[in-house]
Amino acid sequence: MNILVSGAGIAGLACALELGTRGHAVTVVEYAHHLRLTGTPIDIRGDAIEAVDGMGLLEKVQKQRVRMSELTQFVDSAGEPVARIPMAEVSDSDDDIELLREDLVRIIAEALPDTAVIRFGDSIETLTDDGVNGAGVDVRFASGRTGRYDLALGADGQHSAVRRLVFGPEKDYLRHLGVYFALADHPGEARSEGANSIYNVPRRMAGLFRYAGKAVAVFQFRSEAIDYDHHDLDAQKKILIDAFAGYRSWRIPELLDAARADPGFFLTSASQIHLPSWHRGRVALVGDAGYSPAYLSGRGTSLALTGARFLAEELERCGNDHTAAFARYEARQRPYVTFAQDRVNSGRDRMLPTTWAAIAARNEALQAMRTTPGGPQQTTHRRAGENAE
């Protein structure tokens with residue numbers, strides 16, 4: 001089949017690899033002019049590990065493993081450690097793999113077969129599906145190119161253009177979780193020593209993370225939904241600066257200065273996408289485009305990987321009957337999505353306590369977990385979709 005994939009993130013690249021190695025001709029169209037390699041480390045959990053193994057990439061992925069989360073601690077205003085992240089609760093199993101986003105992107109991109117190509121600097125402008133019984137999907141691109149495809153897959157993230165064109169406006173499916181996340185390079189701290197640190201004030205968190213010879217300032221803050229231009233960098237920086245106005249303890253002013261100076265500053269909301277179905281006619285959604293769980297779940301990457309694999313497997317099993325394959329893909333993936341989306345509340349409350357008293361209580365609880373004999377330990381492998389109810 002001739003398949004179009006919108007988006008060259010992890011979901012889109014995984015789709016290109018899974019479908020391309022099964023003999024499909026895959027074109028990935030990406031709005032940016034290069035692969036996006038920025039971002040904090042990501043996690044591969046549960047059955048997503050099996051998906052990576054099925055791609056033949058597990059050994060390469062394991063070699064790039066980092067342990068950023070294990071080396072992260074909550075600190076007080078003097079920078080003294082007060083508690084650590086409880087990895088036994090955060091992880092699904094000891095087999096979970098944490099690695100840099102850029103490493104996973106490169107590993108998948110380098111493994112793409114000749115049947116898959118990426119076209120940068122272009123995007124879908126219009127998409128016309130012949131319908132369930134039709135012969136294909138006609139696409140016009142922003143560049144003026146046109147094409148006809150057997151299937152079109154939206155793997156273009158939380159703000160998916162494919163979803164908007166086929167399923168309707170984002171507001172109909174977006175659930176804001178009341179949190180924003182910001183990230184900025186901190187070159188002044190690059191290659192310096194020290195643990196990764198998180199400092200809380202009520203409803204806010206500022207952190208300094210080090211990995212792979214670089215350092216980044218990380219922020220989270222609670223807020224109602226904010227209407228802003230996703231392409232206006234200065235406006236996004238102002239949102240962050242306003243959120244931390246009046247707070248000068250620990251290293252907050254220094255980290256905000258790093259955000260002001262970073263031309264690659266990144267701001268996003270913790271939001272989920274909820275759709276009654278991820279497919280319509282010859283179009284289907286994969287990853288955040290269809291079922292973003294929000295970064296608070298720690299499972300967006302895993303859902304992208306299992307989604308790509310399940311979709312490719314079902315197309316193969318159904319003899320390219322896309323209607324049956326899409327339905328089977330959704331039936332397999334839905335429990336994983338439900339499980340991931342239901343996990344966000346505990347993560348939000350741990351990372352962003354709402355009062356000084358709640359911050360102190362969180363720290364005391366985490367300290368007790370580490371000092372209690374026979375405290376929580378993760379010893380069994382739990383699949384991502386289990387206990388989803």
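Contact means heavy atoms within 4.5 Å. This is a predicted model: local features need pLDDT of at least 70, side-chain atom pairs count only at pLDDT 80 or more, and totals for chains, interfaces and linings use all residues. Residues are numbered from 1 along each chain as its sequence is written, and side-chain values use heavy atoms, with hydrogens and water left out.

Q: Is Leu-151 buried or exposed, and at what relative accessibility?
A: Buried means under 20% relative accessible area, exposed over 50%, and partly exposed lies in between (1.4 Å probe, protein chains only). Leu-151 falls in the buried class, because its relative accessibility is 0%.

Q: Which residues does Leu-151 contact, leaving aside neighbours within four places in sequence?
A: Leu-151 sits in strand S11 (residues 151-154). Helices (H or I, at least four residues) and strands (E, at least two) are DSSP runs, numbered from the N terminus. With neighbours within four places set aside, the partners of Leu-151 are Met-1, Asn-2, Ile-3, Leu-4, Arg-282, Leu-315, His-322 and Phe-326.

Q: How far apart in space are Leu-151 and Asn-320, C-alpha to C-alpha?
A: In sequence, 169 residues separate Leu-151 and Asn-320. In space, their C-alpha to C-alpha distance is 10 Å.

Q: At what angle do H1 and H5 pack?
A: Axes are lines fitted to C-alpha atoms, for helices over the stretch in contact, and angles run from 0 to 180 degrees between N-to-C directions. The axes of H1 (residues 10-20) and H5 (residues 101-110) lie 9 Å apart, at an angle of about 20 degrees.

Q: What is the relative direction of H1 and H5?
A: Angles under 35 degrees count as roughly parallel, over 145 as roughly antiparallel, 65 to 115 as roughly perpendicular and the rest as oblique. H1 and H5 pack at about 20 degrees. That makes the pair roughly parallel.

Q: Which residues of H5 make the contact with H1?
A: On the H1 side, the contact uses Ile-10, Leu-13, Ala-14 and Leu-17. On the H5 side, it uses Arg-101, Leu-104, Val-105, Ile-108 and Ala-109.

Q: How many residues of H1 are buried?
A: Among the buried residues of H1 are Cys-15 and Glu-18. H1 is largely enclosed by the rest of the structure, because the buried count is 11 of the 11 residues.

Q: Which residues have the most contacts inside the largest nonpolar core?
A: A nonpolar core is a set of buried Ala, Val, Leu, Ile, Met, Phe, Trp, Tyr and Cys residues joined through side-chain atoms within 4.5 Å. The largest one has 72 residues. Those with the most contacts inside it are Ile-44, Leu-153 and Leu-305.

Q: Which residues of H8 make the contact with H7?
A: H7 (residues 233-243) and H8 (residues 252-261) pack at about 170 degrees, with axes 10 Å apart. They are therefore roughly antiparallel. H7 brings Lys-237, Leu-240 and Ile-241. H8 brings Leu-256, Ala-259, Arg-260 and Ala-261.

Q: Which residues does Thr-268 touch, not counting residues up to four places away in sequence?
A: Thr-268 lies in strand S16 (residues 266-273). It is buried, with a relative accessible area of 16%. Residues up to four places away aside, Thr-268 touches Tyr-180, Phe-181 and Tyr-228.
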